[in-house]
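Please consider the model shown here with attention to how its secondary-structure elements are arranged.

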Amino acid sequence: MPSSSAEASVYGHTALSFEDLYQAHITCRRRKRNTASALRFELDLEHELVSLYEELQSGAYRPGPSICFVVKHPKPREIWASEYRDRVVQQYIYDIIGPRFERGFIADSCACIKGRGTLYAIERLDRHVRSQTQNWSIPAWYLKCDLQNFFVSIEKARLWALLEPRIPEPWLRHLAHTILFHDPRENYEFRGNPQDLQLVPTYKRLTCQPSTHGLPIGNLASQLGANILLNVLDQHVKHYIRARRYVRYVDDFVILGRSPQWLNAVLHDIGMFLPAELGLRLNDKKTILQPVPRGIDFVGQVIKPWHRRLRSRTVDYAEREIETAEPSKLMAMTNSYLGLCRQATKSHGDRIRLCRAVRRRGHAVNGELTKAYRSTAA
């Protein structure tokens, strides 16, 4: 087994560690254990890890082919899946350089950060709303924005300018550069109905962008890169605009204020800042400025006075999925949706709908409407 190098970087990390590479595999396996590429990797695990380690050590590593497919919910978009060995490398890089950047992220930056998922984001915004409105006793407004074609619009050179200074280790800098500037379109397989691609507008397809732009949706490296890039926006909003109550989840963000005039000035400032500093633009069609009590739709929930509930279309979709799901997937799907309902503070009516749907399929639910059980007759 290869040994770890004892050379330490200025951040306290070894130059290359076989043990950390193995740990990256363990982390990836938790999420992708049953995929074909993961199973092939584990069939000869020691050989695969040693081979990958030697490629990284020599600088010969290059990402392999990707799989591209289209998802239709909540809207059609391209997803890119790397081979399992490439996922292990991305996880390894993330484990090293992720903390270097995340230590400088604001507390209101969410998504793809441990402990900061959708529930963290909506609860964080809920606390900001209660603070801004003094528990719904005074008026307040909110500005909700979305970035236009975010992932495919990212300029790799701008992102690299942020990455490079924080990666002093030559081997790691070379590896990060290789992954960032790798073009998955040069070697990929499309899976699914090719006609589904027509559902995705050309301006949202990575396959239709120049090689200098765009990160593949679905890769851990892309998620980390997105947060590093948008941290520039976060710092601007917090320290230049001085918005005290601001939450961002990937490319969606909400800013609270006491007047629409101030929020309009904020919108103008951000609209000028993004193209100049990050090469990005706001999606004008998804910009919303309105009073807080009308409801803030954010990360799948709607915040209204004194409660939060799931989006109506999410519950509608969940009910249809439960009614048509394959029997082998029904229990896991139903309990997943019931768990999602429990994250909202007002969900009893939604849980009734979903439980009725699964009962129509011949199964049972508990008295609290929080868990479904397979019928013994099924």
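The paragraphs that follow treat a pair of helices and then a sheet.

The model is a predicted one. In it, helix α7 spans residues 156-163 and helix α8 spans residues 170-180. The axes of these two helices come within 11 Å and cross at roughly 160 degrees. Because angles over 145 degrees count as roughly antiparallel, α7 is roughly antiparallel to α8. The crossing by which α7 passes α8 is right-handed.

The residues that form this contact can be named on both sides. From α7 come K156, L159, W160 and L163, and these meet R173, A176, H177 and L180 of α8. Sorted by class, the contact between α7 and α8 comprises five nonpolar residues, one polar residue and two charged residues.

Attention now turns to the sheet. Strands of a sheet pair through backbone hydrogen bonds, in either a parallel or an antiparallel sense. Here, three strands form an open sheet in the order β9-β10-β11, and their pairing is antiparallel. Strands β9 (296-298) and β11 (307-310) stand at the edges; each has a single partner strand, so one side of each lacks a neighbour in the sheet. From one strand to the next, the twist averages 25 degrees.

How many bridges join β10 and β11? Strand β10, residues 301-304, pairs with β11 in the antiparallel sense over four bridges. Within this part of the sheet, I303 stands opposite R308 in β11.

Note on methods:
Residues are numbered from 1 along each chain as its sequence is written. This is a predicted model: local features need pLDDT of at least 70, side-chain atom pairs count only at pLDDT 80 or more; totals for chains, interfaces and linings use all residues. Side-chain values use heavy atoms; hydrogens and water are left out. Axes are lines fitted to C-alpha atoms, for helices over the stretch in contact, and angles run from 0 to 180 degrees between N-to-C directions. Angles under 35 degrees count as roughly parallel, over 145 as roughly antiparallel, 65 to 115 as roughly perpendicular and the rest as oblique. A crossing is left-handed if the near helix is turned anticlockwise from the far one by less than a right angle, and right-handed if clockwise. Contact means heavy atoms within 4.5 Å. Ala, Val, Leu, Ile, Met, Phe, Trp, Tyr, Cys and Pro count as nonpolar, Asp, Glu, Lys and Arg as charged, and the others, Gly among them, as polar. Two strands pair if DSSP finds at least two bridges between them.
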